[in-house]
Amino acid sequence: MALIVTGGAGFVGSHMVDILVQEGYEIYIIDNLFSGKLENLPQPLPNNVTFVKKDLRKIEQNDPMFKDVEAIFHIAAQASVSFSVREIYEDLSINVTGSIKLFQAAVHHDVENLIYISSGGAIYGDVDTFPTNEEAPTNPVSPYGISKLTGEKYLQYFAHDYGLKYTIIRPSNIYGPRQSPDGEAGVISIFLNQLKKSEPLHIFGDGNNTRDYIYVKDIVDLCYKAFQRPTNEAYNAGTGIETSVNQLVKIIEKVTRLKAQVVYDPPRPGDARRSVLDCSKAKKRLNWEPKVQLKEGIQYVWEWIKQQS
Ligand SMILES: NC(=O)c1ccc[n+]([C@@H]2O[C@H](COP(=O)([O-])OP(=O)(O)OC[C@H]3O[C@@H](n4cnc5c(N)ncnc54)[C@H](O)[C@@H]3O)[C@@H](O)[C@H]2O)c1
């Protein structure tokens, strides 16, 4: 039996591939390299890994790749909020139509188990309960949040009508090696890259906005646990710890032993003031807890960034 990882050439997906390779699975990676890179994958590609350059939206229901597949990790997405605002139809098409195409091929081939990465930062929208748990109302405030939430709903529809087992993972702000510093998210990667080049760090607003930063290996660890024990549930995946951007800069200075030059820019419209997830459900039901503390995780990212040319 094989596994499929969509978005396996991306930041999170490539770490998922690493775990599954370690565990000895046969893997098909579906990725069109929209934002992913082949360099993110193990070099050379192990014999049990097949890279398939394909757009999710081009998946045929009867695609033979899905035959004898045990589970799918659906990680591919258009993952940028600002792109979703600029290119609203493209976001809809990748995240919703692409997901539906995948789910249709999965149920057509009786794939039993699907793990879908949603977004804990984007689907709840403006909330007033912190930390936010899975029972909070979902009122996304960006096209990206809407498309990720819609993906969840379609997955639940396919599970209901075709008996597909599933898990929805709703991560907070993920960070780690291989995260691109080019997007608007990934502030840790952005700041560390700026420091490496002796550039100033730009903070939008007063730096008191908070986020819940979760290390990428903890996320793929949870996906693996969910694969082993599907529960047809949605789980928040963060640390439950709020860190402000100003605090983040202090930790980064400690880790890198470099003094950051900070520039405060006007706040970005739509940026939430606070974001932190209550993840006790994943702890209780899947026996999962994040293992990597922020300072330690930043250290790993810094080591990785220093090695990049
Ligand atoms: N990075 C975060 O902080 C974060 C937080 C919450 C949720 N997520 C979710 O995690 C997942 C991975 O995000 P990431 O940060 O690794 O982003 P990423 O851009 O590095 O990875 C996304 C991958 O999907 C691929 N892809 C995009 N469109 C595709 C298409 N039409 N067909 C096939 N492949 C396609 C890209 O090429 C890329 O390899 C996404 O589903 C995202 O919504 C990310």
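Predicted model: local features only at pLDDT ≥ 70, side-chain atom pairs only at ≥ 80, totals over all residues.
User: Is the crossing left-handed or right-handed where α5 passes α7, and which would you call it?
Analyst: Right-handed: that's how α5 passes α7. Residues are numbered from 1 along each chain as its sequence is written.

User: Why are α5 and α7 called oblique to each other?
Analyst: The axes of α5 (residues 187-196) and α7 (residues 245-256) cross at roughly 50° and come within 11 Å. Under 35 degrees would be roughly parallel, over 145 roughly antiparallel and 65 to 115 roughly perpendicular, with the rest oblique. So α5 and α7 end up oblique. On the α5 side, Val-187, Phe-191, Leu-192 and Leu-195 make the contact; on the α7 side it's Val-245, Leu-248, Val-249, Ile-252 and Thr-256. Contact here is C-beta atoms, placed from the backbone, within 7 Å.

User: What classes of residue make up the contact of α5 with α7?
Analyst: Eight are nonpolar, one is polar and none is charged. Asp, Glu, Lys and Arg count as charged; Ala, Val, Leu, Ile, Met, Phe, Trp, Tyr, Cys and Pro as nonpolar; the others, Gly among them, as polar.

User: What makes α5 oblique to α9?
Analyst: Helix α9 (residues 294-307) packs against α5 at about 50°, with the axes 10 Å apart. That angle makes α5 oblique to α9. Ile-188, Ser-189, Leu-192, Asn-193 and Lys-196 of α5 meet Ile-298, Val-301, Trp-302, Ile-305 and Lys-306 of α9. This contact of α5 with α9 has six nonpolar, two polar and two charged residues.

User: Why do β3 and β11 stand at the edges of the sheet?
Analyst: The sheet is open, has seven strands paired in parallel, and runs β3-β2-β1-β4-β5-β6-β11. β3 (49-53) and β11 (233-237) have a single partner strand each, so one side of each has no neighbour in the sheet. The twist from one strand to the next averages 15°.

User: How do you know that β5 and β6 pair?
Analyst: Pairing takes at least two DSSP bridges. Five bridges join β5 (residues 113-117) to β6 (residues 165-171), and the two run parallel. Asn-113 stands opposite Lys-165 in β6. Helix α3 packs on the sheet too, touching β1, β4 and β5, with its direction at about 170° to that of β4. Helix α6 (residues 216-228) touches β4, β5, β6 and β11, at about 165° to β6.

User: Which residues come nearest to the ligand?
Analyst: Gly-7, Gly-10, Phe-11, Gly-36 and Ala-77, out of 31 residues around the ligand. A residue is near if its C-beta atom, placed from the backbone, lies within 6 Å. The shell has 16 nonpolar, eleven polar and four charged residues. Helix α1 gives the largest share, three residues.

User: What joins Gln-43 and Pro-44?
Analyst: A cis peptide bond, with omega about -15°. Pro-44 is in the loop between β2 and β3. Another cis peptide bond joins Phe-130 and Pro-131, with omega about -10°. Most peptide bonds are trans, and most residues other than glycine have a negative phi. Arg-257, not a glycine, has a positive phi of about 55°.

Definitions and conventions. Axes fitted to C-alpha atoms, helices over the stretch in contact; angles between N-to-C directions. Helix = DSSP H or I, 4+ residues; strand = E, 2+ residues; numbered from the N terminus. Left-handed = near helix turned anticlockwise from the far one by under 90°. Contact = placed C-beta atoms within 7 Å.
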